[in-house]
Amino acid sequence: MIRPKKNNFVSAIYHSEELMNLFKIFHGDPLELAVLLGSYYGLRRSEIVGLKWEAIDFVQKTITIRHTVTQAMVDGKYKMIYKDRPKSKKSLRTLPLLGPFEAILSKLWKLQAENQKLCSSSYCMDYLDYIYVDHMGVLIKPNYITQHFQIVLRKNGLKSVRFHDLRHPYVKHTTKKYNSEKQKTQATKMDLIAWVFRFCIFNYSKRSWIL
């Protein structure tokens, strides 16, 4: 009996034009922040959900990826798992905080403070350190990102990709094409500046951030 060969999974990616269309469709959606961070910075969903305010250095203009939040099935129920370390040593990294993203995060910080005052005792105080929370202060769940992303893709007739696949063009370009850390950092900055200024400046210059 011949054992069947295992089919290697081949991920699909969005090219620049498809990404711009994706950003427009997710504009104003609760998943917009995740889509932007996944596409521009190559963050995994666990890194996006695990992003804390302490990771943002508004003085040095950097974002440090070190904390993750995942979900796992425990006793028949999904449980949130918090780790103060990324997936691997290589995943522990510091990225440039570009102007458009600094503006988005600054508005989000103010919005969360306003929501906390408005909701008073009803506001969830468990996730004050985290960036990606809803208007009641509840942390956005990793599984929600995966599920809602697919729902929006199907609803709008977009090419089927995993949320994780958004980071592949970023990772391929910045980690495989260049050999030295200096070159990778420079390539990262160049790519981010080009993409961010094409989309973020236009869409966020006259609106407040809404999750």
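Two strands count as paired here if DSSP finds at least two bridges between them. Helices (H or I, at least four residues) and strands (E, at least two) are DSSP runs, numbered from the N terminus. This is a predicted model, where local features need pLDDT of at least 70, side-chain atom pairs count only at pLDDT 80 or more, and totals for chains, interfaces and linings use all residues. Residues are numbered from 1 along each chain as its sequence is written, and side-chain values use heavy atoms, with hydrogens and water left out.

**The sheet**

Let's start with the strands. An open sheet is built from 3 strands in the order β1-β2-β5, with antiparallel pairing. At its edges sit β1 (56-57) and β5 (93-96), each pairing on one side only. Strands of a sheet pair through backbone hydrogen bonds, either parallel or antiparallel.

On one side, β2 (residues 62-65) pairs with β5 in the antiparallel sense over 4 bridges, and Thr62 stands opposite Pro96 in β5. On the β1 side, 2 bridges make the antiparallel link to β2, with Ile56 standing opposite Ile63 of β2. β1 and β2 form a hairpin with 4 residues between them, and Lys61 in the turn has a positive phi of about 60°.

Are the side chains of β2 buried or exposed? Thr62 and Thr64 on one side and Ile63 and Ile65 on the other are all buried, so both faces of the strand are covered; buried means under 20% relative accessible area, exposed over 50%, and partly exposed in between (1.4 Å probe, protein chains only). In a regular strand the side chains alternate between the two faces of the sheet.

**Salt bridges**

The structure holds 5 salt bridges, each being a side-chain nitrogen of Lys or Arg within 4 Å of a carboxyl oxygen of Asp or Glu. Here are some of them:

| Pair | N to O distance |
|---|---|
| Glu18 and Lys159 | 3.3 Å |
| Glu47 and Arg44 | 2.9 Å |
| Glu102 and Lys61 | 2.7 Å |

Lys61, from the hairpin turn, turns up again here. Because Glu102 lies in helix α4 (residues 99-119) and Lys61 in the loop between β1 and β2, their pair ties together parts that are 41 residues apart in sequence. Glu102 is buried at a relative accessible area of 18%, while Lys61 is partly exposed at 36%. Salt bridges that share partners also join Arg44, Glu47 and Arg93 into one network, and both Glu47 and Arg44 are buried.

Glu18 is partly exposed at 29% relative accessibility, and Lys159 is partly exposed at 35%.

**Helix α5**

Next up is α5, with 14 residues. From its first C-alpha to its last, α5 reaches 20 Å, close to the 20 Å expected at 1.5 Å a residue (the expected span is 1.5 Å times one less than the number of residues). Its buried residues include Ile145, Phe149, Val152 and Leu153. What covers the buried residues of α5? Among the covering elements are α1, α2 (32-40) and β3 (68-74). After α5 comes Gly157, whose phi is positive, near 65°.

**Confidence**

The chain has a mean pLDDT of 79, and 72% of its residues reach 70 or more; pLDDT is the predictor's confidence in each residue, from 0 to 100. Over residues 172-190 the pLDDT is below 50, and this stretch has 15 contacts (heavy atoms within 4.5 Å) beyond near neighbours in sequence.
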